[in-house]
Amino acid sequence: MYDPSSVEAKWQAKWAEEKVYEVNLKSAKKPFFTHVMFPYPSGDKLHVGHWYNFGPADSYARYKRMQGYDVFSPMGFDAFGLPAENYAIKTGVPPQESIPANIETMIRQLKRIGCMYDWNRMVNTSHSSYYQWTQWIFLQMFSNGLAYKKKANVNFCPKCQTVLANEQVWEGKCERCDSDVIQKAMEQWFLKTTQYAERLLAGLDGLDWPEKTKIMQRNWIGKKEGIDVTYVVEDVSRGIIEMPVGAEVGMPVGAEVGMPVGAEVGMPVKVSPRINSGANIEMPVSWGINSPANPMRTVHLVFTPKGRRQTFEDPLNARRILSILDSIASRHSIVLHEACAMPDHVHVLVSFDSKLHLENDVVKRLKGASAREYLKEISSDAGHLWGEGNHFEDVASSKQFAASIQYIQKNPSEDGLPENDRILSKLPITITCFTTRPDTNFGATFIVLAPEHPFVTKIVKGEIASDKKSEVSAYVQASLTKTELERQEEGMTKTGAFTGHYVLNTLNGKKLPVWVSDFVLAGFGTGAVVGVPGHDLRDFQFAIKFGIPVVRVVVGPDGDTSEITKSEQVQEEAGIMVNSAFLDGMEIHQAKEKIKDHMEANGWGKRVVTYRLRDWSIGRQRYWGAPIPVVYDPEGKPHPIPLKHLPWILPQDVEFKPKGTAPLAQSRELFERTEKIFGKGWTPEVDTMDTFVCSSFYSFMYLGSSHEGGEYEQLPVAKNIPVDPKIEKKWMPVSMYIGGAEHACMHLIYARFVSMALTDFGCITHAEQYQKLVHQGVITNQGAKMSKSKGNVVSPDAFVDRHGSDVFRMYLMFMGPFTEGGDWSDTGIKGVDRFVQRIWKLCEDTKAAKDTKDSKEVIAALHRAIKKVGEDIERLHFNTAIAALMELLNLLEKQTAVAASTMQAFAKIIAPMAPHLAEEIWEKTGGKGFIIDQQWPEYDPKLLVATTVVIAVQVNGKLRGTVAVASDASEQDIITAAKAEPNVRKFIEGVAVKKEIYVQGKLVSLVI
């Protein structure tokens, strides 16, 4: 009788004692790096779903080792974040106490599985020696311009009391707790994933991943090629934004434009003769840009193009630069009151928070961003636009503000230039719409704006006059209560409000009404779409709802030329252009390029590429996470924490239960630590990082971790590189990565983004971490996904106690295809238990029978099994591999005796799936060393041609036995042999067989 408890304990102890699974990363000759997605220690035990992932993945790793690879298979714990913290909240035990205890329990369970993990390389994301590298990742992003903070509408889970990234919201609900997610305006840290959108998209082509996963990422990235079309709003000009309340600081009466204030920012003190119209007077001693009574600062700036004296001589270029500066100022919360673009200089009158630094936070932003956007628009390959000599003066009174406005507006007329092209306030307001179908623009009948669009905001604020202001304001307010998903649902009833304004369609001179509707999202494209109801279903639904005309400009393949009155007539995919002037008769794809050329040539539009992907919001208002390594000076400006202060330790004097605000704000120790290091008035960032930052680079961390001294440690952060470059080059990318498909658009996008960025920074050499990816199937319990958060988990411990680890592992693998999963049931585990006992009995019989030689039939069957099992494991078809072993066992049991060499070969091919049993058989039959160190047996192709076949025999649809027959036996002989099989005979004796069915080479079915 096989005793799994004693056998498994014996071999687990031997493996640990001999350090069988520890890998020398430096000396490995044939590296093969494989691991599973590491688990959250958010419960005190593993469940069946974990086993279903970890057991088969280990079997694959064992097979690769027996093929001669130096297999590195580590394990770790994703120990920070909401899952772990929610467990602590549920139990009332602080996470710094509960998580280490949970990890210890899970390690004990993982060792019972018998997996070949190298525990010397374990990682724990909540350990300070690990999360110092999480913080280092953030600092790398910050120093390279990929981390920034802004106020934005973010996804907020009221139950979890924290911000969620877009990828963590599924069907409008929190992916952790299934609560409805709301939109909330908050200051948040973001990482610029959008900067890598094209590389993330292109990189998918070279990965050996499931095609479904690659499609999911492509759709999430959402690349669209189209054109931004600019429409002029009728009878509305931009206007002047008045001096903000609080900006005036009591300048002496008589103060004039022309006061030089250059010392603060290191800019030239001299003032342009054109603006030096008043006396140079000193500011009052009491004046200061950081005065609490003076929250806003107003400055008159003059920028001069570098070596481009006639840069803005063309009125079109002048309008371009003014529009760009206006847009940039709005994005950075800088108030642009008025501006003027002359042929050789630009005047800008701006106000901004007095805590901001004029040079670093205002001038550099305006100059840098405007240069990039302007040079890109005019297709210039020059690398600069602005010169270094910038003139500026502070505007400190309403009288000086008025004088500045008057002076700026006089510039064009003094030079005999038309002011409507040169002065920002006189430029017509325009609305830019992104479209992928400009070919249908002759059929445009309206414009729709997102409720957050600046044009709508200006109506609500009263900055743009509209007799529909009350209706627009009410509609915008109602929209704020909806989630993005609710706004995107195709089947929802369209809602909207007319703004009272029109734009001009320059293609045909028709006026298009401007509407606001929440089905348009501010974060996609320009937040404005042109409505072509004849050829866009969403636009058609909107037009029908509000009685807007529908115009046909495409005749589809069906040849329908009638008026479009039904949704079935809306042609979106194919057809020929009609009612479209010079486009008539063209196929739509040809017309699309023709109209883009036409719009760009006339300055009405510009080709652009947009992406659905958003920047990654990483700030969390929770306790259990890596503190964001940023501190703020007394003026509120963020500064990165120097490397020497990492790890920036998570404080413990904090109430960890969530309240919707950052728990770290309660920590006295954190604030005292910050002031001690950085000075009086300095404050720490109190948000922690999303746990997906921790898991975005952990595969590299496996290569740099160590427990050899008994303590968990990583490379010191002072090295500024997380892993030895030689080790990284040898072992990355991961050869086989196994984990859940639910992470396709979360962890797997984040990890790709981080490794691409670190490659650009020169920290690592592999831009892709995971060359091959497989998703295990999902184990459900009564139809629901098995997870700790749902409370429907099944513990494996009782089954392992009763049947042993190998039986439980093989039972899970025998449930069905590994990538499909299934609903949990334990009804078949006894059959796998009997299978193991039969193998053991065969082993005992083999020991008793010496000098046995196997028949040709047995040798041929063995070689077929070697081929079949090896190929099935390579494809992760463990269920069919086990079935092949069962078939081989059936044949071996019918022999008088089995050779020891055959039994050893059997042990080898079952070793990946039943490692403890295989080691015991190997030892009992005289094998030397560990079976895991043996070479996978080779098969002889000449022996694969079967002289016999094994036929399954069913009685009334139930399998009752098998029978081995000659491969050339007749149908009648096979049926006769099937009836004679002892286990079949007892079911048909004394009963008439009504029907005999033979499926060639496979099955005999008897119906009684």
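Predicted model: local features only at pLDDT ≥ 70, side-chain atom pairs only at ≥ 80, totals over all residues.
The protein contains 29 helices and 37 strands. Along the principal axes, its C-alpha atoms fill a box of roughly 115 × 80 × 50 Å. Of the 1008 residues in the protein, 54% are buried. Among contacts with a separation of 6 or more, 75% are between residues 24 or more positions apart.

Two pairs of packed helices were examined. In one of them, helix α24 (residues 856-874) packs against helix α25 (residues 878-893) at an angle of about 170°, and the two axes lie 8 Å apart. Angles over 145 degrees count as roughly antiparallel, and α24 and α25 are therefore roughly antiparallel to each other. On the α24 side, the contact involves Glu857, Val858, Ala861, Leu862, Ala865, Lys868, Val869, Asp872 and Ile873. These residues meet Phe878, Thr880, Ala881, Ala884, Leu885, Leu888, Leu891 and Leu892 of α25. Sorted by class, the residues of this contact comprise 13 nonpolar, 1 polar and 3 charged.

The other pair consists of helix α8 (residues 315-331) and helix α9 (residues 358-377), whose axes come within 9 Å and cross at roughly 135°. The crossing of α8 past α9 is right-handed. Helix α8 contributes Asn317, Arg320, Ile321, Ile324, Leu325, Ile328, Ala329 and Arg331 to the contact. Helix α9 contributes Arg365, Leu366, Ala369, Ser370, Glu373, Tyr374 and Glu377. The contact of α8 with α9 divides into 8 nonpolar, 2 polar and 5 charged residues.

The cysteines were considered next. A disulfide requires a pair of cysteine sulfur atoms within 2.5 Å, and the count by this rule is 0 disulfides. For Cys763, the closest cysteine sulfur belongs to Cys694 and is 18 Å away, which is too far for a bond. Cys763 has a relative accessibility of 11% and so counts as buried, the limit for this class being under 20%. Cys157 is also buried, at a relative accessible area of 0%.

One runs from Leu646 to Pro647, with omega near 0°. Pro647 is placed in the loop between β26 (638-640) and α16 (668-678). Another cis bond, with omega of about 0°, joins Met732 and Pro733. The loop that holds Pro733 lies between α19 (725-731) and β29 (736-738).

Asp235 has a phi near 60° and is located in strand β10 (residues 224-237). Its relative accessible area is 81%, so Asp235 is exposed. For Ala581, phi is about 55°. Ala581 belongs to the loop between β21 (576-577) and α15 (588-601). With a relative accessible area of 51%, Ala581 is exposed, since that class begins over 50%.

Conventions: Residues numbered from 1 in each chain as written. Heavy atoms only, no water. Axes fitted to C-alpha atoms, helices over the stretch in contact; angles between N-to-C directions. Helix = DSSP H or I, 4+ residues; strand = E, 2+ residues; numbered from the N terminus. Left-handed = near helix turned anticlockwise from the far one by under 90°. Contact = heavy atoms within 4.5 Å. Nonpolar A, V, L, I, M, F, W, Y, C, P; charged D, E, K, R; others polar. Buried < 20%, exposed > 50% of the residue type's maximum accessible area, 1.4 Å probe, protein only. Parallel < 35°, antiparallel > 145°, perpendicular 65-115°, else oblique.
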